[in-house]
Amino acid sequence: MKKISYSQDVDALLVELSQEPIAYAEAEGPVILHYSLDDQLVLVEILDFKHFMSDETVTALLAS
């Protein structure tokens, strides 16, 4: 299961890779990686997303 969503309120792109509960997260700059108890990547969060992508790219990503 993969779900991509964008939050305009906080300008963040979220890529949900699984529905497992999140146990912890690691941040590196504007990217936050969320992991389950068994160290599986559950969610990727990219903050300030519009600084990396144009409005057209954001629209195209969310349309797919």
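Analyst: Buried means under 20% relative accessible area, exposed over 50%, and partly exposed in between, using a 1.4 Å probe and protein chains only. Here, both Y6 and F49 are buried. This is a predicted model, where local features need pLDDT of at least 70, side-chain atom pairs count only at pLDDT 80 or more, and totals for chains, interfaces and linings use all residues. Residues are numbered from 1 along each chain as its sequence is written, and side-chain values use heavy atoms, with hydrogens and water left out.

User: Which residues make up the largest nonpolar core?

Analyst: In soluble globular proteins, nonpolar side chains tend to be buried together. A nonpolar core is a set of buried Ala, Val, Leu, Ile, Met, Phe, Trp, Tyr and Cys residues joined through side-chain atoms within 4.5 Å. The largest one has five residues: Y6, L13, V15, V44 and F49.

User: How many aromatic pairs are there?

Analyst: A pair of aromatic rings is described by the distance of the centres and the angle of the planes. Rings of Phe, Tyr and Trp (its six-membered ring) pair if their centres lie within 6.5 Å; planes under 30 degrees apart count as stacked, over 60 as edge-to-face and the rest as tilted. That rule gives two aromatic pairs. Y6 and F49 form a tilted pair, 6.2 Å centre to centre with 55° between the planes.

User: Why is the pair of Y24 and Y35 stacked?

Analyst: The ring centres of Y24 and Y35 are 5.2 Å apart and their planes are at 20°, so the pair is stacked. Y24 is partly exposed, with a relative accessible area of 29%, while Y35 is buried at 15%.
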